[in-house]
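Thanks for coming. Please have a look at the sequence and the model, and then I will go through them.

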Amino acid sequence: MTAEITPTPGPPGDAVGRHRTALTVSPDDLPGRAKSLLDKGYRVALVAGHEDAGTTGLRAVYLFTAADPDRRVEVHVPVPRDTPTVPSLAGLSV
């Protein structure tokens, strides 16, 4: 699955809005994307699961943050309901 990168604007007048990004990756691509972000100084700030209303799918969302300047990347991972698993990122932790 190809990652879709979407700049996410902040509130009106919010200069940090341009430092926020959302992308969608496959479960297989999650470890590589996470490692890339960690190598660039990002850290995992939040992991959440969602049931996408009106669909049969689930979604895992990982929020990576970095400072100086303030940057945020949401990594969305579609997860099939019949096999609701994602790869562990524990081995990437420092």
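Accessible areas here come from the Shrake-Rupley method with a 1.4 Å probe, and for residues only the protein chains shown count as cover. By that method the protein exposes about 5,900 Å², with carbon and sulfur atoms supplying 56% of it.

Two notes on the source. This is a predicted model, in which local features need pLDDT of at least 70 and side-chain atom pairs count only at pLDDT 80 or more, while totals for chains, interfaces and linings use all residues. Residues are numbered from 1 along each chain as its sequence is written, and side-chain values use heavy atoms, with hydrogens and water left out.

Now the fold. Helices (H or I, at least four residues) and strands (E, at least two) are DSSP runs, numbered from the N terminus. The protein has one helix and five strands, and along the sequence the pattern reads β-β-α-β-β-β.

How much of the protein is buried? Buried means under 20% relative accessible area, exposed over 50%, and partly exposed in between, with a 1.4 Å probe and protein chains only. Of the 94 residues, 26% are buried.

Next, the core. A nonpolar core is a set of buried Ala, Val, Leu, Ile, Met, Phe, Trp, Tyr and Cys residues joined through side-chain atoms within 4.5 Å. The largest one has 16 residues, and those with the most contacts inside it are Leu-30, Tyr-62, Phe-64, Val-73, Val-75 and Val-77. Helix 1, strand 4 (57-66) and strand 5 each give two or more residues to this core. In soluble globular proteins, nonpolar side chains tend to be buried together.

Take Tyr-62 from that list. Contact means heavy atoms within 4.5 Å. Leaving out residues up to four places away in sequence, Tyr-62 touches, among others, Leu-30, Leu-46, Val-47, Val-86, Pro-87 and Leu-89. Across the protein, 45% of the contacts between residues at least 6 apart in sequence join residues at least 24 apart.

Two loops to finish. Ser-26 sits in the loop between strand 2 and helix 1, and Ser-26 counts as buried because its relative accessible area is 12%. Ser-26 and His-76 are 50 residues apart in sequence and 8.4 Å apart in space, C-alpha to C-alpha.

The loop between strand 4 and strand 5 holds Asp-68. Is Asp-68 buried or exposed? Asp-68 is exposed, because its relative accessible area is 76%. Its phi is near 55°, a positive value in a residue other than glycine. A cis peptide bond joins Asp-68 and Pro-69, with omega about 0°.
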